[in-house]
Each structure stands twice: as structure tokens, then as C-alpha cells.
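Subject: Model handover and findings

Hello,

Please find the model below. My notes come after it.

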Protein chains: 2
Amino acid sequence: MNTLNVELAERSYPIHIGSNLLRDPVALASLLAAHIRGHQVCIVTNPTVNALYGDLLAQGLGAASVDVFEMDDGESHKNMATYAAVLDFLVTQRHNRTTCLIALGGGVVGDLCGFVAATFQRGVDFIQIPTTLLAQVDSSVGGKTAINHVVAKNMIGAFYQPRCVLVDTATLDSLPAREYSAGLAEVVKYGVIADAAFFAWLEENAHDLMMKQPAAVAMAVTRSCAIKADVVAQDERELGLRAILNFGHTFGHAIESLSGYGTFLHGEAVAIGMVMAAELAVRTDLFHRDDAQRITRLLTTFGLPVELSSNNKLAPADMLDAMGMDKKVVDGAMRFVLPASLGTVEITDDVALPLLTETLEVFA
Amino acid sequence: MNTLNVELAERSYPIHIGSNLLRDPVALASLLAAHIRGHQVCIVTNPTVNALYGDLLAQGLGAASVDVFEMDDGESHKNMATYAAVLDFLVTQRHNRTTCLIALGGGVVGDLCGFVAATFQRGVDFIQIPTTLLAQVDSSVGGKTAINHVVAKNMIGAFYQPRCVLVDTATLDSLPAREYSAGLAEVVKYGVIADAAFFAWLEENAHDLMMKQPAAVAMAVTRSCAIKADVVAQDERELGLRAILNFGHTFGHAIESLSGYGTFLHGEAVAIGMVMAAELAVRTDLFHRDDAQRITRLLTTFGLPVELSSNNKLAPADMLDAMGMDKKVVDGAMRFVLPASLGTVEITDDVALPLLTETLEVFA
């Protein structure tokens, strides 16, 4: 088992990464017990994940009184109605301030459960047990919690850190190939924004990763979490540096929003978004076309889309409009995270509109 | 103008207290400008307060683009539906991360607007301009934000500090007598929990306070805010000391909840709750009956209820049940804040159930 720490003073917490953590009741119980203060626990999960891992988790919770809230799966359920339903459930089951919520599932479950934990009784403990690659390398780490608004993703939420993150990489064996690939998009992102050697390692080990070879998966998850933990430790509330984690996301969120949540998985939209951002960076003379092509090639190897399909083209005007609604807009100016080389990015709000429109036209 | 500081490291903020701050556009503009980063502002208020002070505030906002959300007044509107409506409004009006929300009104407006600010785009700036005495001495200071759940008050919320608090004591001139008295309940509370001399001063100056004599009001508000700021600075998230601010509230919340929100004003329920807590403290041999009587007498002088009226009696069993749902219950044990003398309280979860039932029977 690898353990990393997210260093945030009194809000610091460990990320434990290992294979089959959920199938080792003794080790699991000891990891969980360190972070559960009271005798009440509520697991928030979805039917698919609950059927696979719910009982294993319950075994690790020993004497605690355990309630389970099953929410429907999918980004479209990460909304105000589900948020209110979980709160109703906690009130009805009389959970108090020392309760501990456990998010068992992917990013949808983690984001929503985290936002409930941030706001139930003004904040209770929670633990992340991410079961998708996307959640393991991205959404479970760093304390961003949120639900979607009808017109914009993650519009309502809080910065709220978990007490710990438990990553069982064996859960990826049950993950559909498409979702696994979507997670690899965020893994590629870490290489581009922070670590050229890791990017090269991903190119070299792409085959092993696609085969879910355990050592390769452990390396990819650990290095991704380490980069994210390091960025979050420096800028918890996204006042500056943390924005680099949004590489590909300004475009990606617009793609998701215009296509209707559910058409693309988040990681798929981010993959296309990273290709768009790389293209914009090339046209801004910031980035080499060769390196942009390496990104496109690696994403393709990982089974990810790198352009919009012919039956799902998005007009540049619609994309601009959708990006205007994006959270990352600061007081009117559009802010972009653009690669300067593999391993470094720049945050800029100085992008000429014609270059942006040109870039969007390449994909329209 | 008096200025106090709530000392919370990077979340520190000033409380400015003065008469007619809203009627001095130049001073107002300068106080506000120090805390508004972008060009967007959204005032959250209610129709009554907006009619009285909305235009004055808008004048002080100068060049900013100002939207106004009017919510219905009353505790029953501090709910999920209004919360969602304000968020919808902000999204529709395209407010971004640098927007600043301004809560102009009483505790209902402040608590709800603060919770919106805490969660819109994971947190935006907000300013409190409390216009009721209750909000000026209590809810606007300290960063507790919340909405009510159908079955329990303030069940959903966040600790989230404003950028500043502007208290214009002249707004109290337009406050109905009953609401003014309700605010005095919290003022009395500060004397009981932290400052015997202030309690005695309140006894001596009760007449002036009831007449809203400006110097007396300024003194009462400033001293109350100073005590609250001091407690909050020591324990922002209510892990220990801050619980003393809940003196009278465990009973008070149960009274509010059982009577139906709206029957009693919050301060009225707290007044009865403080009398109940004092009675329980006397029966626990912690507190002198003479001092309990001084509390009852002062509350009566301030026009506050000190018992349940004959058409609104509450059965001890119902009260116990309602208190069992209270947020201040820690893992099964009921926690009480009880006076030990005028000026000091103890936090205890060691209250014998028969004594508690006896106490409740006095009021049944």
C-alpha cells in the first residue's frame, strides 16, 4: 500500500492506495476506524457499486450503525433533487454531528456526498472510497465538492476536505472500458501540466495500462494523486496555481454542457478539451505542434475521443457562449490554461478572440 | 463609528457599527469599496427592508452592476426552495466568481444569503448589512450560515465568514417593537454567558434601551458583537467554547420547532429557553435562584416571554423528542449550556433525565 499526504495544516489527510483494500477486512477496519469519531455512518453509493462492494465495506465498519443511501448513477443525478434527498435521509435517520459519510463510487457519488458532508449540520466528516479511475486520480482528492445547476456544471458546491481517501485499484477490474479510458484522460493531464517524465512513462506503458496491469495502474494512480496533492497543498481554494488542474476543462465543460450531460463522459470531454487547448496554444505560438500531436496520439491510444463526431458538431458561437457561463471566467475575461511544453502550462486571459474562434472552427 | 475585528487569520474581517451609515453615501461607498473585488453585486433582501434601505445601499455601490433578489420575509422562507431560487437568479444573471453578495435584512436574509455565498461557485464574497437587532448582535457575526430543514432548524449550512459587517443602528428605528425585544434576548445572553458587569449595565440601562436611546443602543450592540467576536475567534467551527453561544438555544430550538416556525420569534423562543436553562441549572445546584430571577426579570423588562402561554403548552415528552433531533446532540448524549453564575456558563452532558423532565414540567 502507498500512502500520500495532502498537506493542509489542520485539514491534512492521507490517501491510501492499494490493491484489494476492500477485500482485507482487518486492514480496512483499521484504516476506517482511524477516521470515524461516532457510531453512525452513512454510505452514499449507487446500485451498481453497492452490489459489488457494499457488503465488503460494511464488514470493515464493524460495530458502527450503518445506513446506506443509493442514488441513481450518472451526472444528471448530481443535482439539487438528489442533494435534498440525501439530506432528508440523514435527518430522518437522525444522524448527528459526529456522523461520518462515506462516498463509495465514482465522481458523481463523491462530489454529491462531499457537498452533503460540507453542509449537513454545517459540516460532518466524510471519507472518499473512489471506485472509478477518474475519481481515484482526480475528483476524490482535493476537496472540491459540488452539484450541477441545470445550465452549468458544478455551479453549487464547497471546498471541503475528506478525512481520508481509500483507493482500492482492484475496483478498476469491474469498471467498464469506456469509463476506465475516461479516467486515463485525467492521468494524461497530470503529465502535460506538471511532469514530462511521467508523460513519457505513460507513452511507454500505454499498453500495460490498457491491460490494467496492476503495477502500472498503481504507478499511474500514485503519481497522479501526488501531483494533485502537491498542487492542492499550495492552493486549496483555487486562487492561483490550482487553476492548472483545469487544463482542458474550460473547453471540456462547454462540450459537456452543450451536448447534454450524459453524451460524453467527463474524461472524454476533457480529452477533446485538452486537444482544443493544445491547438489554441499552438496557434498562440506557445506550444510545438509536435508536442500537441503527442498528446493527441496518447489520448487516442487510451481509447479517447480527440474530436467531435460528425453527428455531434458544436458551432463556435455556441461554444463561446457556453464558455462565457463557465466558472473559470474571471470578471468578464476568459481565462485559459495552455501548455507551454510537455510538463508546464501557463494561465492566461490574454487570448485573441479570432484565434479562439479559429481553433473552435477546426472542431466544428 | 466603532470598528471591531473578528480575528480569524486570513478570514479576519471588520464589524463597523454606527448610526446612519446607510444615510452617508460617501462613507458607505468607501466602506463597501474596500470589500468588493469585481463589478457585480447582488443584494439579497426582503420587500420591507428593500423599500426602506434598498436605494440608499444602491447609491453607496456606485459603478457596480447591481442585481436585487427580494425574498419573502420570515423563517419559513429560509428553506431549500428559496436557496435554489437565489442560485437560479445568480446563474441567470451570469454572476461570476468575483461577484459580491450583500445580505440586507434580518437573520433570515443573512443566514440564507450567507449560505448561497458559501456555495455559489464553491464560495463568493459577501457582506452583511443587518437591519434587525437580532442580526446585528448575533447572526451577522461569526460566519454561521444555514437554511432550515422541514423538521429541524439550521440543519443545512456552512461556516463561512463575510468580508465585513456593516451595522447601521439607525435601522432599528424602523424595527417593530416585538422584533427589537427579540434581539434584546441575545444581548441578555451575552451578559449571562460572559460578562456580569454588562448584565448589570443592562439592568441599569433597560429603560434607555427600550426607548432606543442611541448611545445605549450603540453600547449594547458593540459590547455584544465584541463578546461574540472574541468567542468566534477562539473557536470558529464550534468544536468547544463556541457552544456557550447556544445558551438557551437547545430549549429554544425545540420550542420553535414544536410550535411551528413563526409562532415565536427566534429571540422569544431563546428568552424562554434561557429561563428553562436557568431553572435546570438551579435544580442541578449549579446556579442561584436569585440570579435566575434576575434573568427572568430583565427579560420581562425587555418585553420578552419567560414562559409558554396557556394556549401553547408543550408536553415534556414532545420537548425531549424535539431536543433529540437538535444539532447540539453529540452522539446520543444531550449537551446543555448552563449558567454557573451571572457571567459564566458550563457546558455539560451530565444532566439527569429526571431533573430535565421536572424542569420541563414547570413550563408545561
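This is a predicted model: local features need pLDDT of at least 70, side-chain atom pairs count only at pLDDT 80 or more; totals for chains, interfaces and linings use all residues.

Residues are numbered from 1 along each chain as its sequence is written, while chains are lettered from A and ligands numbered from 1 in the order in which they are written.

Overall shape

Chain A has 14 helices and 11 strands. Both are DSSP runs, numbered from the N terminus: helices are H or I with at least four residues, strands are E with at least two. The C-alpha trace of chain A spans about 60 × 40 × 40 Å along its principal axes.

Domains

Chain A splits into domain 1 (2-174) and domain 2 (177-362). The bounds come from an automatic or database domain assignment. The C-alpha centres of the two domains of chain A lie 26 Å apart. Their contact takes 32 residues from domain 1 and 31 residues from domain 2. Contact means C-beta atoms, placed from the backbone, within 7 Å. On the domain 1 side, β1 (2-6), β2 (13-18), α5 (133-139) and β8 of chain A each give two or more residues. By class, that side has 15 nonpolar, 12 polar and five charged residues. Ala, Val, Leu, Ile, Met, Phe, Trp, Tyr, Cys and Pro count as nonpolar, Asp, Glu, Lys and Arg as charged, and the others, Gly among them, as polar.

Helix pairs

Take α6 (residues 177-194) and α7 (residues 196-204) of chain A. Their axes come within 6 Å and cross at roughly 140°. Axes are lines fitted to C-alpha atoms, for helices over the stretch in contact, and angles run from 0 to 180 degrees between N-to-C directions. So α6(A) is oblique to α7(A). (Under 35 degrees is roughly parallel, over 145 roughly antiparallel, 65 to 115 roughly perpendicular, the rest oblique.) The crossing of α6(A) and α7(A) is left-handed: the near helix is turned anticlockwise from the far one by less than a right angle, whereas clockwise would be right-handed. Val187(A), Val188(A), Tyr190(A), Gly191(A) and Val192(A) of α6(A) meet Phe198(A), Phe199(A) and Leu202(A) of α7(A). By class, seven are nonpolar, one is polar and none is charged.

Next, α11 (residues 266-283) and α14 (residues 353-362) of chain A pack at about 135°, with axes 9 Å apart. This pair is therefore oblique too. Its crossing is right-handed. Residues in the contact include Met276(A) and Leu280(A) of α11(A), and Leu355(A) and Val362(A) of α14(A). The α11(A)–α14(A) contact has five nonpolar, one polar and three charged residues.

Chain contact

Chains A and B each put 31 residues into their contact. On the chain A side, α3 (80-92), α4 (107-119), β7 (144-149) and β8 (152-159) give two or more residues. β8(A) gives the most, with six. By class, the chain A side has 16 nonpolar, nine polar and six charged residues.

Best wishes

Terms used
Two residues are in contact if their C-beta atoms, placed from the backbone, lie within 7 Å.
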